[in-house]
Amino acid sequence: MNRRSLCLAAAATALAVPLAGCVTVHGERADIASVRPAEAAEVLANFAKVNNAATKAYDESLVAEIEAGALGAIDEAGVRAKHANHPEGNASFTPLAFSDSRFLVPRQRGWPKFFVADTATNRGGDSRWLLVFRRFTAGDPWKASFLAVMAPDALPALATDKDGLVEALPAAGTDLLVQPGRLSTAYTSYLQQAPAAPVFADGPATSELLAGRDKNRRTANSVTQYADQPADGGDFTPVALRTRSGGALVLFASRHQTRATYREGYQLSIDQDTKALMTGTPRTSVTLSRMSQQAATVPARSAGPDAKTAVLSRLAGLVSATGA
C-alpha cells in the first residue's frame with residue numbers, strides 16, 4: 001500500500017484525528033516562513049558560486065541565473081561592458097566569499113516570497129551586505145533583486161515574532177509615513193523638485209546628491225540635465241520589513257538619467273566601460289542611464305512632524321549610454 005493509500009485509510013477510520021504525516025502545506029495559502037534556514041544558506045552559497053563564475057568569465061548569462069531587478073540590471077550591464085573590453089575574462093579576480101551570515105525570514109502568505117541575507121564579505125572593511133532574494137512561484141529559482149551595503153551599526157533593529165521571523169509589510173495600507181510601494185516615486189519626485197519640506201533626511205543620497213547636481217548643472221564646458229523615474233513593479237517591487245521602532249526598513253529601486261551637452265570644440269573623454277554600453281556617436285552630448293537601489297528607514301506616521309525617511313545605502317550603476 002502506498003503512502004497516499006495509507007493516508008486515505010487512516011482518514012476513513014479516524015476523521016477527527018489530525019494526520020501529521022499526511023498534511024500538505026500550501027505556500028500560496030498558508031502563512032508560513034518564506035524559506036527554511038538550510039535552504040536560505042544554500043541559496044546564498046549558490047549565489048557566491050555563480051557570481052564568481054560570472055565575474056571570472058565576464059559572462060552576462062550567468063548573472064541572469066542568480067540576479068533580477070535592480071541588482072540584476074546593474075550587474076548584467078557591468079559584466080556586458082567588461083566582456084566587450086576583456087573577452088578573455090578576468091583570471092586574477094578575487095572570489096567573493098560570505099561569512100557570519102544570518103537570514104531575515106518573514107512569515108508570508110502567497111507569492112511572491114522573499115528573504116534577506118545579512119552577511120559579511122571579503123570585499124574590504126566591516127560593512128555588511130543585505131541581499132534580498134525573491135521568487136514568484138514555487139518552481140522559480142531564488143534570485144537576488146536588491147543589494148544594500150552599510151556599517152554593522154547602521155542596520156535598524158527589526159521586529160521579530162516568537163519564532164524569530166521578521167515581519168514583512170505590504171506595498172500599501174501601512175501606518176508608515178510613506179507607503180513602501182510609493183517610496184520610489186517619492187524619492188524620484190524629491191530629486192526632481194527638491195521640496196522645501198522634504199520627507200527625506202539630509203545625507204549623501206539626498207541633500208548632498210542634489211548639491212552635487214547643482215554644482216555640475218552648468219560648467220564652462222557643459223550643461224547637464226537630470227531626469228529621475230520610479231522603478232517599482234515586477235522584479236523591482238520594493239520589500240519592507242517592520243522595525244522595532246514601529247517604522248520599516250525598505251529596499252527599493254529607481255532610474256536616473258543625465259544628459260550632458262558640451263560646448264563646440266570640446267574634446268570628450270569617455271571611459272572604456274561607458275563606450276561598451278554606448279549607442280550613437282558622442283559628438284556634442286552624452287546621455288547616461290543608471291539604475292539605483294536604495295535601503296531606507298521609513299518612520300511611522302505617528303513618529304511626529306519632524307520624522308523623516310533616511311536613506312542608509314544607495315548603489316547606482318550605469319546600464320546604458322547614448323551619444324549624439
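## Exercises on a predicted model

The buried residues of α5 pack against α6 (207-216), β7 (222-231), β9 (248-262), β11 and β12. Contact means heavy atoms within 4.5 Å. Helices (H or I, at least four residues) and strands (E, at least two) are DSSP runs, numbered from the N terminus.

This is a predicted model: local features need pLDDT of at least 70, side-chain atom pairs count only at pLDDT 80 or more, and totals for chains, interfaces and linings use all residues. Residues are numbered from 1 along each chain as its sequence is written, and side-chain values use heavy atoms, with hydrogens and water left out.

**Exercise 1.** Find which residues are buried in helix α5 (residues 183-193).

*Solution.* Start with the cut-offs: buried is under 20% relative accessible area, exposed over 50%, partly exposed in between (1.4 Å probe, protein chains only). Leu-183, Ser-184, Thr-185, Tyr-187, Thr-188, Tyr-190 and Leu-191 are buried. Then step past the helix: Ala-194 follows α5 and has a positive phi, near 45 degrees.

**Exercise 2.** Work out how β12 pairs with β11.

*Solution.* Strands pair if DSSP finds at least two bridges between them. β11 (residues 285-298) and β12 run antiparallel, joined by twelve bridges. Within this pairing, Thr-287 stands opposite Thr-322 in β12. Now turn to β10 (residues 278-280): three bridges join it to β12 (residues 310-323), and these two run parallel. Here Gly-280 has Gly-323 as its bridge partner in β12.

**Exercise 3.** Say what the side chain of Lys-113 reaches.

*Solution.* Locate Lys-113 in strand β4 (residues 113-121). The side chain of Lys-113 does reach the backbone oxygen of Gln-108, at 3.3 Å.

Notes. Polar contact = N/O pair within 3.5 Å; in protein donor to acceptor, adjacent residues only side chain to side chain.
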